[in-house]
Amino acid sequence: EKNLRDKISKVNTTSITALSKKAHDSLLTENLKKVFKEELSFLGYQNLDVKIETAKGEKGISSTKLILSKKNDVKTILSEGEQKAVALALFITEAKIQKSKNPIIMDDPVNSLDHKIAGKFAQRLLNLDNQIILFNHNRLFLDAFETSKANHICKNFDGGCNSNGKHIRIYQINNEGLNA
């Protein structure tokens, strides 16, 4: 194992890191920053001044850094729910910018969020064209899907539904495991 770790540390990743940074910088556009601000505002965080920058890349990896602006004081350190909301706003932004139809799978995306923000996030998900699979324990979050006026809870398994809007299928799990 030590020999393998020594070999890995000797691999020169400078060119891969430079390529990764170039690709990342081309994705981190002014449009992405603008849409991110819009998503933050929609979720109710219009007063939160968060900047997106490229973080230092190393070992072939480039990443995004989110920074509170300098005009925010120490009282604006983000709670766990606020951090989650910022991350979800960036996720929705990237999904909208990419215009990809790839499915999205999320496990309990709204833990740490209050019901108002969770409901707004549900609306953002409903605005995407992607197929979305959610694993969720939050009844209020589920209610946001069930009460959506432009969509409906679909009871058909065979695809014979003629309703407009998104087709939402809810599967309810009645127990937590084999012995429950």
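Which residues in helix 6 (residues 139-146) are buried? The legends below, for close-up views of a predicted model, begin with this point.

**View A. Buried residues of helix 6 and the cap at its N-terminal end.** The buried residues in helix 6 are Phe-141, Leu-142, Ala-144 and Phe-145. These residues lie on the same side of helix 6, because they cover an arc of only 145° around the axis. The N-terminal end of helix 6 is capped by Asn-138, with a side-chain oxygen of this residue 2.9 Å from the backbone nitrogen of Leu-140.

**View B. Parallel pairing of strand 3 with strand 4.** Strand 3 (residues 104-107) and strand 4 (residues 132-135) run parallel and are joined by four bridges. Ile-105 has Ile-133 in strand 4 as its bridge partner. Between strand 3 and strand 4 the chain passes through helix 5 (residues 115-127), forming a right-handed β-α-β crossover.

**View D. Ile-132 in strand 4.** Ile-132 belongs to strand 4 and is partly exposed, its relative accessible area being 25%. Ile-168 is 36 residues from Ile-132 along the chain, and the C-alpha atoms of the two residues are separated by 9.3 Å.

Notes: Residues numbered from 1 in each chain as written. Predicted model: local features only at pLDDT ≥ 70, side-chain atom pairs only at ≥ 80, totals over all residues. Heavy atoms only, no water. Pairing = 2+ DSSP bridges. Helix = DSSP H or I, 4+ residues; strand = E, 2+ residues; numbered from the N terminus. Right-handed = clockwise from strand over helix to strand, strands pointing away. Buried < 20%, exposed > 50% of the residue type's maximum accessible area, 1.4 Å probe, protein only. Arc of directions from axis to C-beta. Polar contact = N/O pair within 3.5 Å; in protein donor to acceptor, adjacent residues only side chain to side chain.
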